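Visitor: I would like to learn how to read a model like this one. Can you walk me through a few features?

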Amino acid sequence: MKRRISKVAILGSGVMGSQIAAHFANIGVEVLLLDIVPKELNEKEKSKGLTLEDTVVRNRIVNDALNAAIKMKPAPFYSNKLINRITTGNFDDDLSKISEVDWILEVVIERLDIKEQVFKNVEKYRKEGTIISSNTSGIPINSMLKGRSEDFKRNFLGTHFFNPPRYLELLEIIPTKDTDMELVNFLMDYGKRFLGKKTVLCKDTPAFIANRIGVFSIMSLFHTVKEMGLKVEEVDKLTGPVLGRPKSATFRTCDVVGLDTLVHVANGLKDNCPNDERNDLFDLPSFIDSMIKNNQLGSKSGEGFYKKVKGKDGKSSILALDLDSMEYKEQTKVRFDSIAKAREEEDLNKRVGILYNATDSSGEFYRNTFTSLFSYVSLRIPEISDEIFRIDDALKAGFGWQMGPFEYWDSIGVKKALEDIKSNNLTVASWITEMVEAGNESFYKVENGVKYYYDIDSKSYKAIPGLDKLTILSNLKSKNTIWENKGASIIDLGDGVLNLEFHTKMNTIGAEVIQGINKAIDLAEESYEGLVIYNDGSNFSAGANVGMIFMMAIEQDYDELAFAIKSFQNTMMRVRYSSIPVVVATHQMALGGGCELAMHSDKVIAHAETYMGLVEFGVGVIPGGGGTKEFALRLSDSLKDGDIRTNRFRESFLTIGQAKVATSAQEAFELGYLREGIDEVITSRELQLSAAKKAVLELSGKGYTKPIERKNIKVLGNEALGLVYVGANSMKAGNYISEHDQFISEKLGYVLAGGDLSEITEVSERYLLDLERKAFVELCTKRKTLERLQSMVTKGKILRN
């Protein structure tokens with residue numbers, strides 16, 4: 001029987017339960033969220049004369065939890081419009097409703113006796129074949145099988161989501177000795193395709209994979225830091241983005257997660273892994289003991305490794321904990337010459353090698369921490385996993401590392417690191433030595449666009465399961481790049497499809513990227529079926545580099561500025577009106593020019609975590625790359641008989657004028673950046689490029705014909721301009737906006753309304769682009785705009801154009 005998930009029950013509505021419920025609602029699944037019945041009334045209920053029998057009281061715990069989730073930042077929901085997919089209830093009155101669901105997820109308190117009682121009650125109502133799983137992070141999955149029926153056992157396993165479930169990619173799948181392997185395979189696929197997760201198959205061992213290795217790495221680092229006398233802020237400099245790790249690095253991450261949470265896992269590993277050869281590293285260093293006793297737990301207690309304070313001048317500053325004196329001190333300016341050198345290298349693989357081989361104290365730190373990690377992960381096979389790629393996947397998806405332990409090892413050199421491991425009196429598993437002696441000097445290799453891993457049992461390389469049929473850009477770059485400049489590369493994806501990748505800072509759009517877009521379309525029109533615009537960077541595109549616009553504006557080279565804006569507009573129009581389909585695949589930030597590029601494509605395959613918006617208003621200009629024109633066009637197309645035209649105009653005006661950024665792809669539809677019935681959302685980043693390539697081939701296969709430029713865009717003229725001028729004047733009179741903001745508002749309204757027209761008029765795209773460009777350049781002549789642009793340059797930020 002083919003399994004389908006239409007409705008799930010989440011048992012337990014705490015921080016994790018309510019957020020897991022939200023994420024299922026995000027992907028269109030109906031959710032039943034249940035929790036316990038309160039044992040007594042609170043003061044508010046007493047004042048209303050309620051009793052313990054009233055439904056509002058009986059569902060108070062679950063409803064309070066859901067309401068807390070709704071208010072969370074970052075939000076667990078793609079859009080608040082999805083909240084109604086969740087129905088709440090309680091274990092006493094509503095547990096029988098689980099008979100209607102396809103998957104039951106237990107997310108109650110981490111106590112085996114309570115979980116056993118929950119499962120005993122579940123057995124009363126659960127229909128045969130229904131999936132049942134536990135989200136435990138520390139209790140052995142097999143220990144929960146006692147007293148359960150055979151059907152329960154076959155359909156039971158662990159499904160460990162990481163917090164926050166919407167944003168952290170990892171989902172660990174932990175089968176028991178009795179779990180049906182068909183179910184395991186189903187959830188491995190469902191987690192990836194539907195929930196957007198990196199599903200990692202784990203063995204039922206303490207802390208599974210990610211926390212076992214991740215917490216070991218942190219604990220090992222704690223001991224190393226103390227031995228080397230490094231400062232908190234120095235370590236975070238060394239273990240952040242320069243190493244391919246999150247900005248929160250190590251100590252800031254501990255503050256966010258909560259030191260008590262970390263210590264709980266470390267203590268669990270200390271107790272439950274007595275035969276672990278590095279068991280001593282799970283002993284808490286003295287400074288951690290002290291912090292726990294003093295309630296210095298991080299963000300939840302107001303102080304941890306960092307502490308935010310206000311000075312006498314009222315300004316806030318963040319102090320760092322001195323691990324010797326245990327007092328908070330002003331942070332010192334951290335500088336390592338090796339870090340500065342490494343930052344010049346864009347390729348993370350090469351950068352890691354530079355950091356590891358550095359001759360200063362940072363190099364010693366990297367060698368100590370990496371050799372400890374490499375030794376440890378080698379010895380965890382086959383204890384926690386039979387395959388190396390599962391360990392790498394778990395650390396990347398669960399801890400936000402760009403590379404896993406074995407990938408780091410490859411980048412340093414297997415032989416080189418092996419020598420250093422032995423020099424540090426550490427050991428490695430025998431399979432490592434056997435692998436190297438057999439002439440295999442890397443854990444991974446890429447052949448013909450497919451990534452292979454070293455398989456220990458067969459002593460050979462095998463394709464990573466599930467990835468061999470996917471289009472993965474990083475596997476194709478070395479052999480399939482057919483053109484490149486400093487800002488962009490064109491890669492042949494096969495089957496007649498090209499891909500344009502940006503590789504500027506934050507994938508900003510400048511002259512090199514514009515050249516790349518035009519060159520990619522040239523090549524595709526000449527010899528290919530179509531073009532995908534996609535990249536593997538942290539963001540799709542943060543917009544255009546502010547320096548280019550600022551320099552032309554400050555030098556009053558307005559003709560050159562107008563030419564640059566026209567070149568950008570023409571490129572966007574070429575994306576829209578080429579003779580081949582162009583599909584744009586966005587993720588994370590797609591702002592300003594990045595948003596305009598997507599809006600001009602034939603189709604957008606947006607990752608669910610796409611944060612899209614036209615944000616130029618914030619730096620004193622309007623969207624100048626066709627964004628304002630496109631909003632006017634979409635407003636014209638969306639108007640229906642009976643619509644109040646000025647209300648619809650106002651919505652479009654405010655989206656640009658308030659620089660609204662969608663917090664998800666779902667919200668991008670609501671704001672008008674994405675098109676219903678044309679653009680699509682995909683939850684899996686791993687599947688995104690393959691989906692975009694498929695979309696190009698489908699468009700081409702249907703018989704793609706070059707579109708005709710629009711000349712029938714209905715604009716409202718003075719009917720809308722009056723609304724803009726009155727509104728802006730009122731806001732200025734009430735001191736809600738500055739005179740300069742009033743001026744920008746009027747310029748935006750002028751373009752969006754199609755200019756000073758006495759009646760509703762049909763105009764062309766080129767007409768609107770001319771208005772847009774003229775307004776953009778005129779705004780760049782204003783002192784206030786220049787000041788804002790200069791501020792952006794000074795702060796090293798990016799203009800979202």
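Guide: Start with a loop. Proline 74 is found in the loop between α4 (60–70) and β3 (86–90). Keep in mind that this is a predicted model.

Visitor: Which residues does the cis peptide bond at proline 74 join?

Guide: Lysine 73 and proline 74, with omega near 0°. There is another case to look at. Asparagine 163 and proline 164 are joined by a cis peptide bond, and omega is about 0° there. Proline 164 sits in the loop between β6 (156–161) and β7 (170–175).

Visitor: Next, backbone phi. Where is lysine 459 placed?

Guide: Lysine 459 lies in the loop between β13 (450–455) and β14 (460–463). Its phi is positive, about 55°, although the residue is not a glycine. Asparagine 735 is not a glycine either, and has a positive phi of about 60°. Look for asparagine 735 in the loop between α30 and α31 (739–752).

Visitor: Now helix packing. What describes two packed helices?

Guide: The angle between their axes and the distance between the axes. Take helix α27 and helix α30 (residues 718–733). Their axes come within 10 Å and cross at roughly 55°. That makes α27 oblique to α30. The crossing is right-handed. On the α27 side, the contact is made by Arg645, Thr646, Phe649, Arg650 and Phe653. On the α30 side, Glu719, Ala720, Leu723 and Val724 make it.

Visitor: How many residues of the contact of α27 with α30 are nonpolar, polar and charged?

Guide: Five are nonpolar, one is polar and three are charged.

Visitor: At roughly what angle do the axes of α18 and α19 cross?

Guide: Roughly 100°, for helix α18 (residues 405–412) and helix α19 (residues 414–423). Their axes come within 6 Å. An angle from 65 to 115 degrees counts as roughly perpendicular. So α18 is roughly perpendicular to α19. From α18, Trp409, Asp410 and Ile412 take part in the contact. They meet Val414, Lys416, Ala417, Leu418 and Ile421 of α19. By class, this contact has six nonpolar, no polar and two charged residues.

Visitor: Which element gives the largest share of the lining of the second largest pocket?

Guide: α26, with seven residues.

Visitor: Which residues line the largest cavity?

Guide: Glu169, Lys192, Gly196, Lys197, Lys198, Ser684, Arg685 and Glu686. Sort them by class, and you get no nonpolar, two polar and six charged residues.

Definitions and conventions: Residues are numbered from 1 along each chain as its sequence is written. This is a predicted model: local features need pLDDT of at least 70, side-chain atom pairs count only at pLDDT 80 or more; totals for chains, interfaces and linings use all residues. Side-chain values use heavy atoms; hydrogens and water are left out. On a 1 Å grid over the protein atoms alone, a cavity is a set of points where a 1.4 Å probe fits but cannot get out, and a pocket is an open set with protein on both sides within 12 Å along at least five of seven lines; lining residues have an atom within 4 Å of a point. Ala, Val, Leu, Ile, Met, Phe, Trp, Tyr, Cys and Pro count as nonpolar, Asp, Glu, Lys and Arg as charged, and the others, Gly among them, as polar. Helices (H or I, at least four residues) and strands (E, at least two) are DSSP runs, numbered from the N terminus. Axes are lines fitted to C-alpha atoms, for helices over the stretch in contact, and angles run from 0 to 180 degrees between N-to-C directions. Angles under 35 degrees count as roughly parallel, over 145 as roughly antiparallel, 65 to 115 as roughly perpendicular and the rest as oblique. A crossing is left-handed if the near helix is turned anticlockwise from the far one by less than a right angle, and right-handed if clockwise. Contact means heavy atoms within 4.5 Å.
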